[in-house]
Structure formats: structure tokens, C-alpha cells
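These are my notebook entries on a structure that I looked up. I put each term next to the place where I use it.

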Amino acid sequence: MADASGADRAPLASPALDLPRPPAFNAHGVWAIYRFQMARFFRTLGESVATPVITTSLYFVVFGGALGSRIDEVQGVGFGAFIVPGLIMLSLFTQSIFNASFGIYFPKFTGTIYEILSAPVSFFEIVLGYVGAAATKSIIVGLIILIVAAFFVDLRILHPLWMAAFLVVISVSFSLFGFIIGVWAQSFEQLNFIPMLIVTPLTFLGGAFYTIDMLPGVWRDVAMFNPVVYLISGFRWSFFGESAGDVPVEWSVAATLAFFAICLGVVWWIFKTGYRLKN
Amino acid sequence: MTPIVSIRNLEKTYTGEFQALKDVSLEIERGEIFALLGPNGAGKSTLINAVCGIVTPTSGSVAVAGKDIKADYRITRSLIGLVPQEMHIDMFETVWDVVSFSRGLFGLAPNPSYIEGVLRDLSLLDKRKSKLMELSGGMKRRVLIAKALAHEPQVLFLDEPTAGVDVELRRDMWEMVRRMRERGVTIILTTHYIEEAEEMADRIGVILKGELIVVEEKSALMAKLGRKRLTLQLQDRMEAIPPELSDWALRLDPDGRELDYEFNVHDERTGVPSLLRRMSELGIAFKDLNTTTSSLEDIFVSLVNTKS
Ligand SMILES: Nc1ncnc2c1ncn2[C@@H]1O[C@H](COP(=O)(O)OP(=O)(O)OP(=O)(O)O)[C@@H](O)[C@H]1O
Ligand SMILES: [Mg+2]
């Protein structure tokens, strides 16, 4: 039995404590979070990939096959090819938001967040791990859709570097957005609320499957307030060039960066206030 | 020497109304086993979680190894391992993965042989490839301990490590705690069970309604808490307590079947041996006897009364 006397205890406490000298950036911690998230993705690779592949194929059957035969060209591009950038964006948005919001909400839900909160990781490192993993997953899905699409239609990418840049910045931005939703959400219903209610409609009304020119008068003006229009237009520009965009590409770049900055700002605010992560 | 944990005037008010901690100050020495004792809702977990960074204190300060837990959180958190009260685990992951994850999260490079050692110590090595949902409750609890040890902490917080755990595992757990202490690890545990605090701790703090009302060396506290009750089941019914036994403060139950005697285990003379001797001289036979410690609530009440 342990003895209670102080004299008996003293020798145990003798060697001086070596204070750990943690680095200014906890790379192992970020990597641990990132890998943990990615492991979940690869473990369920079948489901993770099957859904977007099947959905994309269906879009091609319906839009490319059934409708595409009647609409032969949109702004000089075959309709089948024309919808590819929009399709990729559509799944980039939903995948990024879903992955990031679920990624941070799940530990809140199961309580395992306690470990993240008690670990020597900064908020920035937490965001890096979760958002990095979410963005990686959605980029992988986006590229898979691109490959699947290449089986159905003739694709050319005029500005591949710009395409990659849009792909990365937009998936990171929407992953940040998803992270914010995941932090804010207190239930699974709330987790689905924003993607269902806002993002999907904005995407469908954002010119994923048509150009804004095709809309009747007033709606064309309304559409210009939809930020998603700018993102999709820019991404489509990187495929087909100036003629296929709804707005000049400079506007698209500006809108993309603005959205990215706003999401970063909100995440920063969450960090400053500790909003809903801690008691 | 700087205390390994130093808590100063810590207060916590949840959501602007409920005060869970009231002006708690406490110093814990390196290498000791400290038990926080208190009933449900006393604030034990809140106190631990505040030190570990999970709960943000409303006011007051905490230092670990002389470093402030806010300003130097990377150092203090690297030093601390936490086993939470609730079973917070990733059901779909394997034992090996979640324990390795913890090590990485705390900023350490992978060290499979160290993780293996931890799992072996906790008899989890053969389960390393199992998913957590395939484990029993006791095993899951040990996984939580393995996670807390994965980054080689100097201070280990165990929030009710033996709640809902069988006797054997409880013994193992105590054994593990002693081994940790021999390596110089400071251990702070919470418990409802006074026996557990008695078995394990060097010092005991009693917390009640958010106030740390007593902090004492175990032996000193046990003297205060050491009231026990001896119950004798009589062979034959007794009408009244015979005058020969009037030296002892006895109580006879209404049936006349049981005799109760309250005593303090730490008294020089508890009166128990002499009582039993006297009874046998008088030819009063009993079928069975047992002793019980006064309940924790009784003790808390008496502590609060002596305090005020
Ligand atoms: N997140 C929270 N929000 C509001 N009140 C809380 C929260 N967590 C704990 N409390 C309250 O604070 C008080 C102390 O809780 P705490 O969990 O620290 O008690 P405890 O001593 O650990 O109890 P137990 O022995 O049951 O684990 C309780 O009254 C509890 O209801
Ligand atoms: Mg508790």
C-alpha cells in the first residue's frame, strides 16, 4: 500500500523535470488529424467514389444523351462537354462542405473532441488538418468525375494550371465554409440544413448546366448576385476559354478570392471567440 | 520546488449562471497521487477539464510545471495526459490507430515499440487490430488510458477511472497507477469511493458544490473520516441491552436481532475487542458480524459542519 508520509514520497520527485520543448508548429499533430480523416475516406473508398461516379454518369445520360441531342452547342462547345465544369463544381461544393462539416462535427457529437482540445495543437493547426483533408477528398472526387466525363465526351482544357488553381482554392474555401457549419451545428439536421437550403439551389441557379444568357431577362440580372455564378464561370473559362464564361475571368478570380477571404475571416473569428468549441 | 500543478483562485460559471467552481486554489507536488473526492456534480470534472484546456475558466489561473496553461499551452499540454470520465471513442477505428493518433496529435514522432509497450502494460496488445466497437467496456476504458499515455505524459489525470469497472480491473488499474508513479508521473484522480482514495492516494481533496473544502494528507483525513459501524447479528433475540454493556454506545434494532456499535478506526482504543470479549463472557452469541464505513454523504456532511 502506498504510504502517505511526505518523507516517503520525496525521493520519487527528485530528478529535475525536463520541460518539453514543443516546436512552434505541431506538424505531427496536423499530420495525425489529416491522416485520421483520410483513413476514413480510403476505408470507405467504394462509397466515397461510387456516388459521384454514378451521379455523373446519370447526368450524362440525362443531359448529355436525352437533352444534348437537341441542344447541339452552347457557345461553341458541345452540350455534353459544356456541363462538365459545372458538374465538377457541383460535387466540389457538396463534397467539400460535407467532408469538412462532418469531419469536425463528428468528434463534437461523439465527444472525442476532448482530445483535440486538450492537445498542444493550435486552432490554426486543427483547421489545417480538417480542412486540408476535406479539400483533398473533394479534389480527388472532382478529378474522378473529370476522368469519368472524359469517357463520355471530348474534353479539352485550355488553361490546365488555372483549372488546378480554381479547383484547389474553391475546394479549400468550401471546406472552410463546411468547417464553420460543422462548428456551428448542434445537430445532424443543422448539419444538413445549409447545404440543402442554400448551396444546392445556388448551384443549380448558378449556371452549372446552362449559361446565364439563356435565362429570361430579369433572372439574368438576379443571377449576377449569385456568387456561385462567378465561380462556375471561372472554372468553365479554364476549360473552354473566354467565350464559355458568363462573366470576365477577372471577376471570377476576384469572387473566388473574396469568398476564400470571407471564410478565412469567419474561421479566424471563431478562433478569437472560442465560439461553440469550448465551454 | 515548483509544484507540478498550481491552481489559483479558479472559478467557473457555466453559461452565465451556474457556478461550478468557486475560488479553488490547490497545489500538487510532483510525483504524488492526489485524489479528488466528491459527490455527483461537485465539480471534479470541471476542475480537471479546466486544467487540461477543455473548459475555459471564468477567472483564476493554472500553471503546470510553473508554466501558464494559456500562455504556454504547448508545453503544459505536452506534459498532461487525460483519461476522461465519459467513454469518448471512435467506434470504427482500431486500437492501434487511435493510440497512434494520440501520440501524433501531441506532437511526437511515431514510436511503435513505445505504443506496443503501453498496450502490453494494459493487456491490450492482442486487441491492437480490433475495432473499438468490438471491445468490452473495460477494454475501451483501457484504450482511453493507452491514448492518454501515448505521448509519455508527466502528469496523468484520471477522471473516475474505476467507475463501472469490475473488481479485477479495478485492481489492475490501481496497479497501473502505482507503476506510473514509480516512473515519477504525478497522478490526479477523481472518485466517489472513499475506499479508492484511501487505497491509492497520498493526499486527498474533498470538493463539494464547487468548493474545495478540505485538502489533507490521507492519514490525517482518514482519521477524520474513519468512523465505522460494527453490526452484530445475534444468535438469540435480545429484549434490552444488558447493563454490563453500558460502557459501549450500543444500539439495538427494534427486532432485537442486531446490535450496532459506532467507532473510529483511528482511535487508540476502538472498543471493539473489549466489547466482543465482554459479550462472550456474558454468553451473548452472534451469528455474523460486519463493519461498514459511514457513507460518503455522512462524511461530507460532517466535514461541512466541522468547517463552518
Ligand atoms: N457543459 C456544462 N454546461 C452547464 N453546466 C455544466 C456543464 N458541465 C457541467 N455542468 C454542471 O457543473 C456542475 C459540476 O459538474 P462536474 O461534471 O464538474 O461534476 P463532477 O464532480 O465531475 O460530477 P460526477 O461525479 O457526476 O462526475 C454540475 O452541476 C453540472 O451540472
Ligand atoms: Mg465528473
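I take helices (H or I, at least four residues) and strands (E, at least two) as DSSP runs, numbered from the N terminus. With that, I placed Leu17(A) in the loop between α1 (6-9) and α2 (27-43) of chain A.

I noted the ground rules next. This is a predicted model, where local features need pLDDT of at least 70, side-chain atom pairs count only at pLDDT 80 or more, and totals for chains, interfaces and linings use all residues. Residues are numbered from 1 along each chain as its sequence is written, chains are lettered from A and ligands numbered from 1 in the order in which they are written, and side-chain values use heavy atoms, with hydrogens and water left out.

Entry on Leu17(A). Buried means under 20% relative accessible area, exposed over 50%, and partly exposed in between (1.4 Å probe, protein chains only). I then listed its contacts (heavy atoms within 4.5 Å). Not counting residues up to four places away in sequence, Leu17(A) touches Ile4(B), Arg30(B), Ala65(B), Leu79(B) and Gln154(B). I also looked up Leu215(A), 198 residues from Leu17(A) along the chain, and found their C-alpha atoms separated by 71 Å.

Entry on the contact between the chains. Chain B gives 51 residues to it and chain A gives 39 residues. Buried area is the accessible area (1.4 Å probe) that two parts lose on being put together, summed over both. For chain B and chain A I noted about 4,100 Å², with 59% of it on carbon and sulfur atoms. On the chain B side, Arg30(B), Arg74(B) and Leu105(B) lose the most area to chain A, together 18% of what that side buries. Arg30(B) is also among the residues that Leu17(A) touches.

Entry on chain B. I counted 10 helices and 14 strands. Of its 308 residues, 53% count as buried. The C-alpha atoms fill a box of roughly 75 × 45 × 35 Å, taken along the principal axes.

Entry on Thr94(B). I found Thr94(B) in the loop between β6 (80-83) and α3 (95-105) of chain B. Why does Thr94(B) count as buried? Its relative accessibility is 18%, so Thr94(B) counts as buried. Leaving aside neighbours within four places in sequence, Thr94(B) is in contact with Arg128(B), Lys129(B), Ser130(B), Lys131(B) and Leu132(B).
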